[in-house]
Amino acid sequence: MACFCASNLFLVSVGILLWTGEAAGFCASVFETQQGHALLGHVMETVNVTDEFECHRKCIQNNTCKSFNIHPLKTNAVQKTCEMNNQTRQLKPKHYKKKIGSSYHGSVEVSCVNIMETNNQQKSGRCHPGYSGKQCTLTKGSSPDFPGVSCKDILKYTNAKKNSEYWIDPKGTGHPFKAYCDMTTDGGGWLLVMNVITDSSHSNQLSVVTSYRGISDYHNNKMVITTSAMKELYGDLNFQQIRFHCRKRSVGRTFHVVTTANSSGNAVVQYFSGLTDVEPVSCGSYVRLKDDNSELARRCSEWNGGQSGKWSRTTKDWNHSVERLYSVAAWIGGQHHWVLTYRNPFECDDFLGATSSGDFWKVFVR
């Protein structure tokens with residue numbers, strides 16, 4: 001289906017500015033507006049303008065302008081400061097900051113098909129999946145054309161309520177991939193980085209992810225992530241919490257904890273992300289979620305040999321530098337373990353208990 005686009009043609013709708021261009025593979029860019037924010041450190045030109053529309057026009061006339069900031073001008077109540085950027089907040093998420101009184105306006109490229117689809121939906125009065133609002137605009141995370149940085153980022157800007165696959169691009173390099181997001185548990189915004197679900201074969205053959213992009217293969221139900229891949233992900237997302245969740249029917253218990261938002265919880269994040277080799281103290285580093293009924297979570301002082309009360313376990317049976325997150329993340333010797341890999345059956349708050357189809361071990365970050 002052909003798309004006929006006129007260069008620099010403005011289309012204005014409620015809260016959204018579109019222009020058509022001649023960039024290969026795209027016929028339009030959606031200019032999103034975010035109040036109280038600015039992209040810092042990427043200003044290529046600064047001019048004074050009377051309003052956002054004038055700044056927008058100047059940005060499109062400059063081939064290297066990808067977004068702009070608007071700031072109030074203290075010396076002139078009529079004019080505003082227009083800062084044109086050569087990057088967008090999606091490409092440089094760490095430089096996107098809150099700034100009271102300012103506003104950020106950034107382009108998000110969308111395909112001809114998406115623009116035509118939006119127009120068709122508006123005429124029909126119904127939005128298709130992946131589109132929302134009165135204008136049926138593309139929702140962040142619903143398409144590779146408009147990925148989020150993370151599940152937390154998607155939740156922040158869409159208020160998503162559905163646990164599902166979403167498109168994310170943690171590096172902001174324009175190479176997004178699908179990942180599973182839990183948008184409901186403990187406030188939502190959780191990215192699934194490990195997913196093991198047993199089936200009738202009770203096989204302990206795991207699929208090891210050595211680069212975090214491999215977490216898109218979560219649906220094979222054997223996916224575990226190495227310490228180096230976690231370190232890579234931490235470098236791009238700087239996640240602050242880890243959530244451990246496992247359940248075995250044979251023992252009738254669920255281990256479900258989230259690391260705390262304090263120095264003790266951060267030590268756990270640092271350890272399982274391979275940023276330190278110091279095993280973190282368990283007590284005070286996590287909180288139990290409402291469905292947790294495990295002995296392991298209740299008896300934190302007995303972890304790691306019953307003396308030190310720490311996460312993990314250094315032993316010759318497993319590769320401490322690779323399998324840190326999934327092999328022996330937590331244990332009370334000979335009684336209650338989180339163990340995958342070197343033993344069969346796997347263990348969740350038990351010791352060599354029988355495995356049933358549907359037992360699971362999941363790890364999320366946020």
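**Salt bridges, burial and strand pairing**

Reply: Aspartate 153 and lysine 140 form a salt bridge, their closest N and O atoms lying 3.1 Å apart. Aspartate 153 belongs to helix 3 (residues 151-158) and lysine 140 to the loop between strand 9 (137-138) and helix 3, so the pair ties together parts that are 13 residues apart in sequence. This is a predicted model, in which local features need pLDDT of at least 70 and side-chain atom pairs count only at pLDDT 80 or more, while totals for chains, interfaces and linings use all residues. Residues are numbered from 1 along each chain as its sequence is written, and side-chain values use heavy atoms, with hydrogens and water left out.

Me: What makes lysine 171 partly exposed and aspartate 236 buried?

Reply: Buried means under 20% relative accessible area, exposed means over 50%, and partly exposed lies in between (1.4 Å probe, protein chains only). Lysine 171 has a relative accessible area of 42% and is therefore partly exposed. Aspartate 236, at 18%, is therefore buried. The side chains of these two residues, lysine 171 and aspartate 236, meet in a salt bridge (3.1 Å, N to O). Lysine 171 lies in the loop between strand 10 (164-168) and strand 11 (177-182), and aspartate 236 in helix 4 (residues 227-237), so the pair ties together parts that are 65 residues apart in sequence.

Me: How do you know whether arginine 324 is buried or exposed, and which class applies to aspartate 277?

Reply: Arginine 324 has 2% relative accessibility and therefore counts as buried. Aspartate 277 has 58% and therefore counts as exposed. The side chains of arginine 324 and aspartate 277 meet in a salt bridge (2.9 Å, N to O).

Me: What makes strand 6 largely enclosed by the rest of the structure?

Reply: Five of the six residues of strand 6 (residues 80-85) are buried, so the strand is largely enclosed. Strands here are DSSP runs (E, at least two residues), as helices are (H or I, at least four), numbered from the N terminus.

Me: Why is histidine 337 called buried, and what does its side chain reach?

Reply: Histidine 337, located in strand 19 (residues 336-339), has a relative accessible area of 2% and is therefore buried. Its side chain reaches the backbone oxygen of isoleucine 332 at 3.1 Å.

Me: What share of the protein is buried?

Reply: Buried residues make up 50% of the 366 residues. The protein contains six helices and 21 strands.

Technical notes. Polar contact = N/O pair within 3.5 Å; in protein donor to acceptor, adjacent residues only side chain to side chain. Salt bridge = Lys/Arg side-chain N within 4 Å of Asp/Glu carboxyl O.
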